[in-house]
Amino acid sequence: MTNLQQLDAYFAEHREEHLNELKEFLRIPSISSLSEHKGDIQNAAQWLANAFDKLNLENISITQTAGHPVVYADWLHAEGKPTILFYGHYDVQPVDPLNLWDSNPFDPTIRDNKLFARGASDDKGQVFMHLKMIEALFATTGTLPVNVKFIYEGEEEIGSPNLPAFVEEHKEKLAADLILISDTGLYGPGKPAVCYGLRGLTGIQIDVRGAKGDLHSGLYGGGVQNAIHALAEILTSFRDEHGTIQVEGFYDKVLPLTEEEREAYRALGFDEESVKDEVGVKELFGEAGYSYLERTWARPTLEVNGVFGGFSGEGIKTVLPAEAGAKITCRLVPNQEPEEIVALLKAHVEKHKPTGVEVAISEFDKGRPFLTPFDHPFIQAAGRSYEKVYNVTTAYTRGGGSIPIVAAFDEILELPVVLMGFGLSSENFHAPNEHFHLENFDKGLRVLSDYLFEVAALQK
């Protein structure tokens with residue numbers, strides 16, 4: 001029997017047992033953003049440590065940070081073979097609004113071959129696959145084809161504030177040949193994808209202040225600046241009518257797409273009309289000269305996420321608002337630095353600030369973009385493993401979103417990052433009725449297991 005055949009038999013035999021174990025993990029309400037769940041976070045970390053112990057992994061540790069703990073384990077007995085560092089997170093999002101769930105978010109339920117629970121797809125279900133893959137390899141071969149290290153955190157859903165410091169402090173301990181993360185998704189149902197890049201993120205809040213208080217529009221209108229009008233003028237200056245960002249220097253360091261990448265995206269045959277139907281718009285919008293995929297995967301953005309100020313109650317209130325504000329985020333692409341972009345935004349606001357108001361700017365969390373060349377051997381090896389199990393050609397994609405810690409791994413450890421996810425965009429992660437298609441749970445176990453043999457064949 002081939003390795004895949006042995007593994008397939010093992011996973012089939014133990015499927016019910018594995019799903020029951022996963023349900024046990026999912027029952028722990030490890031919500032990182034709510035202080036009342038601090039004990040649950042500790043319980044989830046201990047659950048992982050116990051799972052590592054059952055797998056006979058070594059050097060297992062739960063390291064407390066200024067926030068939530070980091071769980072580590074390793075097995076380093078594949079002499080002369082590469083080392084894979086697995087990353088994931090065991091914390092989950094809050095469940096509100098609870099009334100929109102069809103079942104208890106922490107009482108895992110299987111319906112239509114989908115597992116419903118908070119964390120089922122993001123990211124406990126995918127972390128659990130790492131564990132069962134190791135179990136199956138030991139059970140069927142008695143060993144592992146590569147060396148493995150695991151680092152699972154409990155703060156990803158709140159921006160991983162303490163993990164970069166942990167990684168910096170433990171660089172030697174975390175040394176590896178590549179980082180493997182299962183916290184992304186497939187290109188579509190039955191369509192595997194290796195994500196080789198993610199956009200970064202930065203943001204600001206703009207607070208505009210005019211008069212010392214709201215003013216009567218009949219007494220002062222036309223003679224004193226209206227804070228909302230001033231804010232609108234600033235916001236309008238950020239982009240032209242095509243969505244091209246007008247901030248001086250914003251595009252200077254953008255790494256352009258290669259023609260090979262653009263051709264790979266065209267080959268996906270993406271249906272832009274389907275996006276219109278999905279989101280309910282008649283026309284798409286964006287930077288001229290780029291396809292929808294290029295705009296959302298590989299081009300930077302500047303978006304107004306919220307505007308506030310003035311009177312918004314029923315009826316009308318004839319005032320000149322003294323205060324107004326907006327929250328803005330930018331998705332960044334390789335070679336753009338969050339700190340530099342914030343400095344450019346500040347300079348732009350100062351340049352376009354209307355008379356009669358003062359403007360204050362506060363900064364939000366920042367995350368750098370990351371890119372591993374899609375022709376990298378570890379990336380291509382992942383594609384081969386997907387194809388063996390899904391029996392279709394693997395897509396090589398970038399992600400429009402951000403996982404801030406990925407860029408930190410890239411910067412601190414200087415390792416290629418391979419994103420091998422098995423979720424689907426329709427699985428409601430961060431929303432009510434989060435679920436995980438068990439078809440991809442089953443196939444993902446086999447893909448991940450095969451990938452270790454593919455990596456082993458790429459001898460150092």
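Which side chains meet in a salt bridge at 2.7 Å, N to O? Glu363 and Lys346 do. Glu363 lies in strand 14 (residues 358–363) and Lys346 in helix 11 (residues 338–352), so the pair ties together parts that are 17 residues apart in sequence. By salt bridge I mean a side-chain nitrogen of Lys or Arg within 4 Å of a carboxyl oxygen of Asp or Glu. Helices (H or I, at least four residues) and strands (E, at least two) are DSSP runs, numbered from the N terminus.

Some ground rules before I go on. This is a predicted model: local features need pLDDT of at least 70, side-chain atom pairs count only at pLDDT 80 or more, and totals for chains, interfaces and linings use all residues. Residues are numbered from 1 along each chain as its sequence is written, and side-chain values use heavy atoms, with hydrogens and water left out.

Back to that pair. Glu363 is partly exposed at 38% relative accessibility. Lys346 is partly exposed too, at 32%. The cut-offs are these: buried is under 20% relative accessible area, exposed is over 50%, and partly exposed is in between, with a 1.4 Å probe and protein chains only.

The structure holds 25 salt bridges. Here are two others. Glu358 and Lys353 meet at 3.9 Å, N to O. Glu358 is exposed, with a relative accessible area of 55%, whereas Lys353 is partly exposed at 24%. There is also a network: salt bridges that share partners join Arg384, Lys388, Asp450 and Glu454. Then take Lys171 and Glu168, whose closest N and O atoms are 3.9 Å apart. Lys171 has 37% relative accessibility and counts as partly exposed. Glu168 has 44% and also counts as partly exposed.

Now the second largest pocket. Its volume is about 390 Å³. A pocket is an open set of points with protein on both sides within 12 Å along at least five of seven lines, and a cavity is a set where a 1.4 Å probe fits but cannot get out. Lining residues have an atom within 4 Å of a point. Points are joined across faces, edges and corners, and the volume is the space filled by probe spheres set on them.

Two helices each supply at least two lining residues: helix 9 (272–279) and helix 10 (292–297). Helix 10 gives the largest share, 3 residues. By class, the lining has 10 nonpolar, 4 polar and 8 charged residues. Nonpolar here is Ala, Val, Leu, Ile, Met, Phe, Trp, Tyr, Cys and Pro; charged is Asp, Glu, Lys and Arg; the others, Gly among them, are polar.

On to the surface. Leu219, Tyr220 and Val224 make a nonpolar patch of about 300 Å². Leu219 sits in helix 6 (residues 217–220). Leu219 is exposed, at 66% relative accessible area. Patch residues have over 30% relative accessible area and no salt bridge; like charges are joined within 9 Å, and nonpolar side chains (Val, Leu, Ile, Met, Phe, Trp, Tyr) within 5 Å. Areas come from the Shrake-Rupley method with a 1.4 Å probe, and for residues only the protein chains shown count as cover.

Helix 13 (residues 404–413) next. Why is helix 13 largely enclosed by the rest of the structure? Because 7 of its 10 residues are buried. They are Ile405, Val406, Ala407, Ala408, Phe409, Ile412 and Leu413. Just after helix 13, Glu414 takes a positive phi of about 55 degrees.

Last, the backbone. Asn335 is not a glycine, yet its phi is positive, about 85 degrees. Asn335 lies in the loop between strand 13 (323–332) and helix 11, and is partly exposed at 46%. His430 is not a glycine either, and has a positive phi of about 75 degrees. Its loop runs between strand 17 (417–419) and strand 18 (435–437). His430 is partly exposed at 42%.

Finally, cis peptide bonds. One joins Asp96 and Pro97, with omega about -5 degrees. Pro97 is in the loop between strand 3 (83–89) and strand 4 (109–111). Another joins Asp122 and Asp123, with omega about 5 degrees. Asp123 is in the loop between strand 5 (114–116) and helix 4 (124–141).

Conventions:
On a 1 Å grid over the protein atoms alone, a cavity is a set of points where a 1.4 Å probe fits but cannot get out, and a pocket is an open set with protein on both sides within 12 Å along at least five of seven lines; lining residues have an atom within 4 Å of a point.
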